[in-house]
Each structure stands twice: as C-alpha cells, then as structure tokens.
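Work through the exercises below with the sequence and the structure open. Try each task before reading its solution.

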Amino acid sequence: MVTVRQFETMAGEYFAAGKIPGFIHLSIGQEASSVGVCSCLRPDDYVITTHRGHGHMIAKGADLKRMAAELFGKKTGYCKGKGGSMHIADFSIGILGANGVVAGGLPIITGAGLSIKMRKTDQVAVCFFGDGATNRGPVHEAMNMAAIWKLPVLFVVENNQWSSTTPLKDSCSVVDLYKRAAGYNMPGEKVDGNDILSVRKVTAKAVDRARAGEGPTFIENKTYRIKGHFEGDPQKYRTEEEVKSWQDEKDPLNRFSRVLFKKRFLSRKLADQILAEVQSKLNEAVTFAENSPFPEPEDALTDLYIDS
Amino acid sequence: MTERILSSSAALAEALHEEMRRDETIFILGEDLVSHAGIFGQFKGIPENFPGRIIDTPISEACIAGCGVGAALTGMRPIIDFHFSDFVTCGMDELCNQAAKIRYMSGGQVKLPMVVWCPDGAGLRAAAQHSQSLEAWFVHTPGLKVVVPSDPHDVKGLIKAAIRDDNPVMFFQHKKLFAKEGPVPEDDYVISLGQAAVKREGKDVSLLCYGAGYYLCLEAAEALRQMEIDAEIVDLRTLKPLDMETVAASISKTHRAVIVHEACRTGGFGAELAARIQDELFDEVDAPVKRVGAKDVPIPFSPPMEDFVLPSVRDVIEAARAITYR
C-alpha cells in the first residue's frame with residue numbers, strides 16, 4: 001500500500017511538473033482494495049484493471065521502472081510508449097491490461113474465465129471496475145454469463161462514490177451495489193474497502209470458491225477517491241469537507257498501520273525504514289524513466305499485427 | 001488434388017472439422033449453435049463431433065465478443081459467431097476498441113488469435129437490420145484483418161488461414177451464398193490472407209470484386225463477352241491486407257476498372273480502392289474508375305424495393321460499357 005501511495009503521489013507531482021504527458025487517474029485512498037485483493041492471488045491468476053489501475057498493477061507485481069517509463073511515454077515502458085497510464089499491461093504476470101473504456105474489462109475477464117474452465121486449470125480471473133461502470137450494459141451480460149457457466153471470476157467493484165463528476169446517488173439505482181449480484185444468483189459481498197484485512201478475508205473466500213469450481217463472486221469494496229477524477233480536475237462537484245472526512249482516520253494506510261502498531265508488528269523505526277526503502281525504489285524508477293529515450297516516431301508503425 | 005462439388009456451408013464445416021481436429025484450443029462461441037448446428041446449419045457435424053467446443057451463449061453480443069478477446073489472450077483460439085453480421089453494432093467496443101488495439105496498446109506483448117464469423121448480405125427479404133454488408137467499418141479499424149470470400153473453394157482455404165492467423169480476423173460470409181456450390185479440394189489447403197485471385201482473364205476491363213459481388217461479375221462478364229468486351233475478374237478475397245499487386249497487374253493490362261460490392265456505395269470499400277488506384281496507378285488508367293454498390297439507403301423489406309436498391313448484373317455491365325466506350 002505504501003508503494004502504491006508513493007508511486008501515485010510521485011506520478012501526480014511529475015504530471016503537475018509537465019513531465020508526464022496526457023492525463024492520469026489516481027487511486028489514492030483506494031489502496032486497501034487493490035492490495036487487499038491482489039495479495040490473495042497467485043502469479044498465474046489474471047487481473048484486468050481500469051483507467052485508475054496503477055494500484056492493481058503494482059499489487060499484482062508490476063515492475064516500477066517499466067511502469068514509470070510508460071507513464072513518461074518512454075521506449076523502455078511496459079508498452080514501449082504506445083499505451084500510457086490507461087493501457088499498461090504485463091501479460092507475463094497475468095495482468096491482461098488496464099482498460100480505458102469504462103466496464104471494458106468485464107466481457108474480457110469472462111472470456112479469461114471461460115478459457116480457464118476449458119483448459120481445466122485452477123486459475124482465477126479478477127476484474128476491477130468502478131461504481132460508474134456498473135451502469136453499463138456489458139456488466140449485465142458479463143455477470144450473467146459468468147454466473148450461468150460458473151466461471152472462476154471475481155467481479156470487484158471499487159465503489160469510490162463518484163462516477164467522474166456524478167455522485168453515486170444520481171447514477172445508481174441502489175446505494176449498495178453488492179445487492180445487484182442477487183439478480184445473477186451470485187454471492188454479493190459488501191466490504192469496508194478501506195480496511196485491507198476485511199478486503200483480504202472476503203477475497204480469499206471468493207478465490208477459494210472460484211478455484212473449487214463454484215463460480216463467480218461480486219465484491220463491493222466501499223471506498224473513496226481522494227483525488228479528482230483525473231489530475232487537474234477542478235472538482236467543483238464536491239466539497240473539501242467531504243474529501244477530508246475520508247482522510248486521516250479513514251485512510252486505509254493509517255488504519256492498517258494502527259492495527260500493526262497496536263499488535264506490535266510495526267514500530268515507528270520500521271515504518272520509517274519501509275518508507276525510505278519504497279522512496280528509494282521509486283527514485284530509481286523515476287531516474288530510469290527520465291533517463292530512458294523516447295520512442296522513435298516511426299516506432300508508431302510497429303506492434304500492430306503479429307506474423308503468424 | 002481430388003475435388004468434389006460442395007456448397008459454401010459444407011466447405012466451411014469441412015474446414016472447421018479439419019482445423020478443430022488439428023488444434024484443440026479452437027472453439028466456437030455464439031447464440032443458438034448447438035441444436036441446429038448454427039442458425040443456417042453452417043456448423044453441420046460440429047456439435048456431435050466436438051461436444052463442449054461449440055458453445056451456446058445467452059443473447060449478449062458484447063460479452064460474446066469480449067469472451068473471444070479474453071479467451072484469445074489466455075491461450076485459446078476462439079471463433080465467434082455473430083448470428084447476423086448486423087449485430088456487430090452490439091459488440092463494437094469489444095471488436096474495435098479491444099480486439100483491434102490490445103496487442104498494439106501493450107507494445108506487442110501479446111497475440112490475439114480470434115475469428116469473428118459474420119453472416120452478412122441482403123436478398124433474403126430480411127429488411128434493414130438483417131441484411132447489411134458492413135466490412136468497410138472494420139477495414140477502417142487498424143488492428144483487424146478483413147476477409148470476404150465468394151466461392152466454396154475460397155471459403156475453405158480462407159477460413160483455415162483466418163483460424164491459423166494470430167490476429168483478430170473479421171470473416172464475412174454472404175447468407176445468400178451458403179448454398180452456392182463449387183469445386184472444393186479434399187486437401188488441407190490454406191489461402192494466405194492478402195492474396196487476390198484472377199478468376200477470369202480478360203484484356204478490356206478489370207472487374208474488382210469480393211463476396212457476392214463476384215457472382216454479379218461472373219454473369220456480367222459473360223454478357224460483356226457477347227458485346228465483345230473482354231472482362232477480367234479479380235476476386236480480392238481479403239480486403240485487409242489488400243493484394244494491391246494483383247490489382248495493379250490487372251489494371252496495367254486493361255487500363256480500366258469497375259469496383260463491385262454489395263455494400264452501399266458511399267464510404268464503401270470501393271471508395272478506398274478507387275482512391276488507391278488513382279494514387280498508385282494514375283498513369284495506367286485510361287478512364288474513370290467506376291463503383292457499383294447498393295444505393296445509399298437501409299435495405300428495404302418489400303421485394304421490388306430491395307431488388308431496386310441492391311447492385312445488379314446490369315449495373316456492372318453498364319459501368320463496364322461506360323468506361324470501355326462501347
């Protein structure tokens with residue numbers, strides 16, 4: 001969680017400084033969901049994430065240097081500069097890609113689930129998406145299909161309360177999204193998404209179910225998006241008080257450290273040491289990204305088709 | 001090489017049997033496939049011979065296409081049946097934003113071997129939402145390959161190439177041609193994608209066509225012969241990649257071209273091909289490049305109107321006469 005938080009904080013700073021082109025979407029405040037879920041997965045399990053996907057990538061084991069380089073648009077990035085923040089993928093560790101189309105990942109994860117079933121392995125396929133995505137048609141199609149075929153899929157909605165600039169109450173017919181699972185005869189789990197231990201507990205159960213061939217689970221991690229929809233978002237749609245109310249006490253990192261301090265798994269000294277180690281790795285990643293070359297313009301013409 | 005006379009449907013089913021026996025990662029996914037071997041009987045024998053590898057889905061085109069993408073990314077070789085090609089509109093994100101782009105966006109990390117089988121075309125009095133020819137939409141999407149076979153021989157050779165290709169391939173087969181018969185070799189042959197065929201040699205005008213347009217050209221060429229116009233027929237077979245070399249060789253000989261397709265004319269594949277001809281073969285053409293296609297309206301239901309809207313043999317003849325000045 002510290003790595004995800006620091007990586008995104010760094011990304012926000014470099015974006016503001018004009019070093020990262022385009023636009024980026026940060027998941028600060030939602031780290032317990034990405035890390036909690038991915039920490040229950042094996043390297044050969046599949047994950048599809050969203051435009052807000054840095055956390056899922058890092059939690060699934062992505063390389064920080066190649067991630068940073070991709071954000072900077074460099075040739076050494078995961079996608080050689082062709083994807084950027086919204087399309088980072090690492091197929092070697094089961095990350096089937098971040099997806100720039102809201103809800104775009106759900107039909108694809110269903111196909112990954114079908115593939116697992118046909119190949120008779122015990123892998124699991126996880127799709128992250130936001131509360132805004134739950135209103136798109138393909139979500140209905142994917143959840144129904146995964147349910148009728150009992151596919152080993154976890155549908156993880158990170159309900160961060162805001163669908164871009166529109167609040168949950170104005171975009172969803174229910175406040176508790178997990179209730180929608182009932183319509184697919186699928187278990188729906190409501191989770192305190194800022195508590196990593198709760199996330200892990202529910203995810204582990206769903207993963208066991210999936211590996212045992214008992215079918216998909218819909219998990220709603222209730223959380224909050226601390227930053228704007230995108231970096232630079234003027235955020236006229238919400239108040240500072242609302243944002244503040246989800247920080248400090250409710251912050252997922254603070255909450256987990258409190259538990260660790262209390263149980264004496266963590267000391268102030270160790271915490272400082274972890275922060276310093278993470279910062280040092282991130283510095284290395286940024287240095288790597290900054291020192292890497294941009295792609296040649298003509299590189300835009302490669303990687304479209306593969307020779308069979 | 002032993003040849004039999006087979007229908008296009010039988011050629012397709014034979015090719016699928018051979019491919020599915022060869023590679024167990026191939027499977028077929030779509031609506032209403034198992035009980036009738038596809039709604040046109042196009043997968044005859046597959047449900048019995050490959051149980052579990054032809055799968056009925058709910059009516060969920062977006063997810064069917066997305067399932068193909070997800071399965072292709074994780075080691076399978078799916079064939080997606082789109083029921084009627086018109087329904088691709090319900091899966092456009094999965095086809096054009098996902099399948100076409102995932103390899104590119106990831107910097108070439110992955111392959112996406114998927115065939116999207118689309119029964120298309122008019123003439124069955126099926127009206128505007130079950131009759132379209134939409135191939136040009138996909139030619140306009142980098143990352144996809146587009147195949148439109150005409151005769152049974154090509155159906156077998158091209159579907160095999162499409163299945164063995166590691167890229168997403170849109171495969172359009174005209175509904176009205178399923179029963180059309182022709183010689184099909186028994187062998188395991190593959191027609192490379194991007195290879196056109198000169199199916200009738202001639203010296204006066206090149207008829208550039210694909211799919212149902214081929215049969216219009218066959219009839220037109222015979223009528224033109226009686227008018228002492230010697231037409232060459234080039235069946236493009238694959239629109240992307242396009243075999244411009246064969247097109248160039250033909251036009252360099254005839255110096256005249258008529259492009260024939262069933263899709264409506266405006267923005268159709270003929271527009272792209274005509275543009276390339278004027279750009280790359282300007283010195284070779286002695287007359288304007290003509291296009292024959294459907295009129296720019298949705299396909300109407302009532303027979304007199306549908307027949308009027310679709311391109312006819314006579315349209316091909318008139319276009320050829322206009323540019324041969326005879």
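This is a predicted model: local features need pLDDT of at least 70, side-chain atom pairs count only at pLDDT 80 or more; totals for chains, interfaces and linings use all residues.

Residues are numbered from 1 along each chain as its sequence is written, and chains are lettered from A and ligands numbered from 1 in the order in which they are written.

**Exercise 1. Describe the side of chain A that touches chain B.**

Step 1. Count the residues: the contact takes 36 residues from chain A and 37 residues from chain B. Two residues are in contact if their C-beta atoms, placed from the backbone, lie within 7 Å.

Step 2. Find the elements. Strand E2 (95-98), helix H5 (105-119) and helix H6 (137-148) of chain A each give two or more residues to this side. Helices (H or I, at least four residues) and strands (E, at least two) are DSSP runs, numbered from the N terminus. H5(A) gives the most, with 10 residues.

Step 3. Sort by class: the side of chain A has 20 nonpolar, 11 polar and five charged residues. Ala, Val, Leu, Ile, Met, Phe, Trp, Tyr, Cys and Pro count as nonpolar, Asp, Glu, Lys and Arg as charged, and the others, Gly among them, as polar.

**Exercise 2. Give the strand order of the open six-stranded sheet in chain A and place the helices that lie across its strands.**

Step 1. The order is E2-E1-E3-E4-E8-E7, with parallel pairing. Two strands pair if DSSP finds at least two bridges between them.

Step 2. E2 and strand E7 (188-192) of chain A are the edge strands; each has a single partner strand, so one side of each is left without a neighbour in the sheet.

Step 3. Five bridges link E7(A) to strand E8 (residues 217-222) of chain A in the parallel sense. Gly188(A) has Phe218(A) in E8(A) as its bridge partner.

Step 4. H5(A) lies across strand E1 (46-49), E2, strand E3 (125-130) and strand E4 (153-159) of chain A, at about 170° to E3(A). Helix H8 (residues 196-211) of chain A lies across E4, E7 and E8 of chain A, at about 170° to E8(A). Axes are lines fitted to C-alpha atoms, for helices over the stretch in contact, and angles run from 0 to 180 degrees between N-to-C directions.

**Exercise 3. Divide chain B into domains and describe how domain 1 meets domain 2.**

Step 1. The assignment gives domain 1 (3-185) and domain 2 (197-324); such bounds come from an automatic or database domain assignment.

Step 2. The domain centres, taken over C-alpha atoms, are 26 Å apart. The contact takes 25 residues from domain 1 and 24 residues from domain 2 of chain B.

Step 3. On the domain 1 side, helix H6 (135-139), strand E6 (145-147), helix H7 (152-164) and strand E7 (168-174) of chain B each supply at least two residues. That side divides into 13 nonpolar, seven polar and five charged residues.

**Exercise 4. How do helix H3 (residues 61-73) and helix H4 (residues 92-99) of chain B cross?**

Step 1. Their axes come within 7 Å and cross at roughly 30°.

Step 2. H3(B) and H4(B) are therefore roughly parallel to each other. Angles under 35 degrees count as roughly parallel, over 145 as roughly antiparallel, 65 to 115 as roughly perpendicular and the rest as oblique.

Step 3. From H3(B), Ala62(B), Ala65(B), Gly66(B) and Val69(B) meet residues of H4(B), including Leu95(B) and Gln98(B).
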